[in-house]
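This report goes through one protein model by topic.

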Amino acid sequence: METSKSGKVTKLTFEGAPETGGFTAVYFTKNYAQIAKTFGGKNGGDLAGKKVRITGAVKVFQDAPEIIVEDPAQIEVVKTEAAK
């Protein structure tokens with residue numbers, strides 16, 4: 001997973017092309033503080049190296065699937081890499 005922030009949107013990009021299961025979860029500036037408070041770290045979510053489950057409606061944006069995260073409850077940390 002790769003995290004990036006540009007302008008009004010933060011993207012959590014999950015590896016792979018859409019046809020092989022890759023997708024992007026995005027959240028907007030208005031939700032940044034709430035997500036940062038829950039997960040901490042740079043870009044409002046210290047999720048690197050963690051296995052996560054993202055829930056929400058899948059939409060297509062620029063020919064790729066994405067989920068818009070509006071609430072931290074949509075992101076669940078399942079397991080960290082260190083806990084293997």
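## The chain as a whole

Of the 84 residues of the chain, 30% count as buried; buried means under 20% relative accessible area, exposed over 50%, and partly exposed in between, with a 1.4 Å probe and protein chains only. The model is predicted: local features need pLDDT of at least 70, side-chain atom pairs count only at pLDDT 80 or more, and totals for chains, interfaces and linings use all residues. Residues are numbered from 1 along each chain as its sequence is written, and side-chain values use heavy atoms, with hydrogens and water left out.

The secondary structure comes to 1 helix and 7 strands, where helices (H or I, at least four residues) and strands (E, at least two) are DSSP runs numbered from the N terminus. In order from the N terminus, the elements read β-β-β-α-β-β-β-β. Among contacts between residues at least 6 apart in sequence, 43% join residues at least 24 apart; contact means heavy atoms within 4.5 Å.

## Confidence

The average pLDDT of the chain is 79, and 80% of the residues score at least 70. This score is the predictor's confidence in each residue, from 0 to 100. Among the elements, E5 has the highest mean pLDDT (91) and E1 the lowest (78). Where pLDDT is low, the predicted coordinates should not be read in detail.

## The sheet and its helix

Five strands make an open sheet in the order E1-E2-E3-E6-E5, with mixed pairing; two strands pair if DSSP finds at least two bridges between them. Strand E1 (2-6) and strand E5 (58-61) are at the edges with a single partner strand each, so one side of each has no neighbour in the sheet. From one strand to the next, the twist averages 30°. Axes here are lines fitted to C-alpha atoms, for helices over the stretch in contact, and angles run from 0 to 180 degrees between N-to-C directions. Helix H1 (residues 29-39) packs on the sheet and touches E1, strand E2 (9-14) and strand E3 (23-28), its direction making about 95° with that of E3.

E1 and E2 are antiparallel and share 5 bridges, one of which has Ser 6 with Val 9 in E2 as its partner. These two strands form a hairpin with 2 residues between them, and Gly 7 in the turn has a positive phi of about 60°. E2 is joined to E3 by 6 bridges, again in the antiparallel sense, and Lys 11 stands opposite Val 26 in E3.

Most residues other than glycine have a negative phi. Gln 62, however, has a positive phi of about 50°, and phi of Asp 63 is near 65°. Gln 62 is exposed at 68% relative accessible area, and Asp 63 is exposed at 76%.

## Nonpolar core and aromatic pair

The largest nonpolar core has 12 residues, among them Leu 12, Phe 14, Tyr 27, Ile 35 and Ile 75. Such a core is a set of buried Ala, Val, Leu, Ile, Met, Phe, Trp, Tyr and Cys residues joined through side-chain atoms within 4.5 Å. E2, E3, H1 and strand E4 (50-54) each supply at least two of its residues.

The structure holds 1 aromatic pair. Rings of Phe, Tyr and Trp (its six-membered ring) pair if their centres lie within 6.5 Å; planes under 30 degrees apart count as stacked, over 60 as edge-to-face and the rest as tilted. Phe 14 and Phe 23 are stacked, 4.8 Å centre to centre with 15° between the planes. Phe 14 is buried at 16% relative accessible area, whereas Phe 23 is partly exposed at 22%.

Gly 56 is in the loop between E4 and E5 and is partly exposed, at 43% relative accessibility. Its C-alpha atom is 7.2 Å from that of Val 69, a residue 13 places away along the chain. Leaving aside neighbours within four places in sequence, Gly 56 contacts Ile 67 and Gln 74.

Gln 74 lies in the loop between E6 and strand E7 (75-80) and is buried, with a relative accessible area of 14%. Not counting residues up to four places away in sequence, Gln 74 touches several residues, including Arg 53, Thr 55, Gly 56 and Ile 68.
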